[in-house]
Amino acid sequence: MRHFVIAGILVILMAILTYLGLDAIGLLPIPASAQAASIDWLWNWEVMTISFLFALIVVPLVYSLVVFRRKKGDMTDAEHIEGNTKLEIAWTIVPLFMVMIFAYMGAYSLAETRRVDPQAMVVNVVASQWAWSFEYPEYGIVTNKLYLPVDKQVVLKMQSKDVIHSFWVPEFRVKQDVLPGRITEYRITPTLIGNYQVRCAELCGTSHAYMESPVVVVTEAEYAAWVDEQVALLAAAGQTPEGKGEVLVKSNGCLGCHSIDGSKLIGPTWLGLFGSEVELSDGTTVPADEAYLRESVLNPQGAIVAGFENQLMPNVYTPLTEEDLANIIAYIKTLK
Ligand SMILES: [Cu+2]
């Protein structure tokens, strides 16, 4: 009996220490959505249970190893135990109930994250190898940064152009696959103003690791101002070829890989590209004229820019019309 009491106290101590230790590591990033609450609640109960089970197994094991060690010179056999029906029933029923309780908690938490607000705002998401593109259907805005107003539910209607991707903002907690040929929904209510990243959570090819885009949560007023600004830009853009080109490169996710400010992303920057001499991986140099830009988009596996890998630029832009291409080139020309 004495052993049970001591081991019992040690189990409780060990469970508390394990839980506090796991909690202190900060296994989850800060929660930034209303949906995070029920997920973190479930997660917390699971970590507590895991800590207790860990202690329940490890403490009696180590305790027995130390306390019931064979004494020197003791050659007698251990006591023979035939089994214990009560114990066996207990260790079948107790875990069964625990698993059932967790199943219920899991279902509750899932239902909480899917709670529908009929006022939710809609954003269409297109994933492609290896960029995200966001469309605000009410305004016709297309961008590669997801702007969201705080404390308002948004429903993302997501679709992939090629393989399976997965939309994941760790601070929002919820994760959802994005499939070709089918629209999947992702509901979230951001609760914390700040900058986040959406990252693809489904291995989708060579540059999967770089498939990230900014997610910006702002106040209601800042959001309205951003929408106005984008709508004005869009109206102005519709007038000129380079304006149309800018809209096209945003909606096709080009800016996920090409910067316009000189910084190096997955692909070369477009700043100062037109009219420059491009060094290719085979050591030759070509002038970046209209023909070269056109060829680079239609046949990315042709000439490869030195310092970049082949296969990284996707081969999916053939649906662009000649006019689209001319507009894109007109836009690239403006980036001096
Ligand atoms: Cu992906």
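Axes here are lines fitted to C-alpha atoms, for helices over the stretch in contact, and angles run from 0 to 180 degrees between N-to-C directions. Helices (H or I, at least four residues) and strands (E, at least two) are DSSP runs, numbered from the N terminus. Residues are numbered from 1 along each chain as its sequence is written. What you see is a predicted model, in which local features need pLDDT of at least 70 and side-chain atom pairs count only at pLDDT 80 or more, while totals for chains, interfaces and linings use all residues.

I'll start with two helices. Helix 5, residues 241–251, packs against helix 7, residues 322–333, at about 100°, and their axes are 7 Å apart. Helix 5 is therefore roughly perpendicular to helix 7; angles of 65 to 115 degrees get that label, under 35 is roughly parallel, over 145 roughly antiparallel, and the rest oblique. On the helix 5 side, the residues that meet helix 7 include P241, L248 and V249. Among their counterparts in helix 7 are A326, I328 and Y331. Contact means that the C-beta atoms of two residues, placed from the backbone, lie within 7 Å. By class, this contact has 7 nonpolar, 2 polar and 4 charged residues. Ala, Val, Leu, Ile, Met, Phe, Trp, Tyr, Cys and Pro count as nonpolar, Asp, Glu, Lys and Arg as charged, and the others, Gly among them, as polar.

Next, the domains. The protein divides into domain 1 (2–65 + 87–113), domain 2 (121–232) and domain 3 (239–333), with bounds from an automatic or database domain assignment. Domains 2 and 3 have their C-alpha centres 24 Å apart. Their contact takes 15 residues from domain 2 and 12 residues from domain 3. Which elements give two or more residues to the domain 2 side? They are strand 2 (131–136) and strand 3 (141–143). Strand 2 supplies the largest share, 3 residues. That side of domain 2 divides into 5 nonpolar, 8 polar and 2 charged residues.

Two strands pair if DSSP finds at least two bridges between them.

Going through some of the pairs, strand 9 (residues 194–200) runs antiparallel to strand 10 (residues 212–218), joined by 6 bridges. Within that pair, Y196 is opposite V215. The hairpin of strands 6 and 7 has 6 residues between the strands, and in it R173 takes a positive phi near 75°.

V5 is in helix 1, residues 2–25. Is V5 buried or exposed? V5 is exposed because it has 9 other C-beta atoms within 10 Å; 12 or fewer counts as exposed, 20 or more as buried, and anything in between as partly exposed, with C-beta atoms placed from the backbone.
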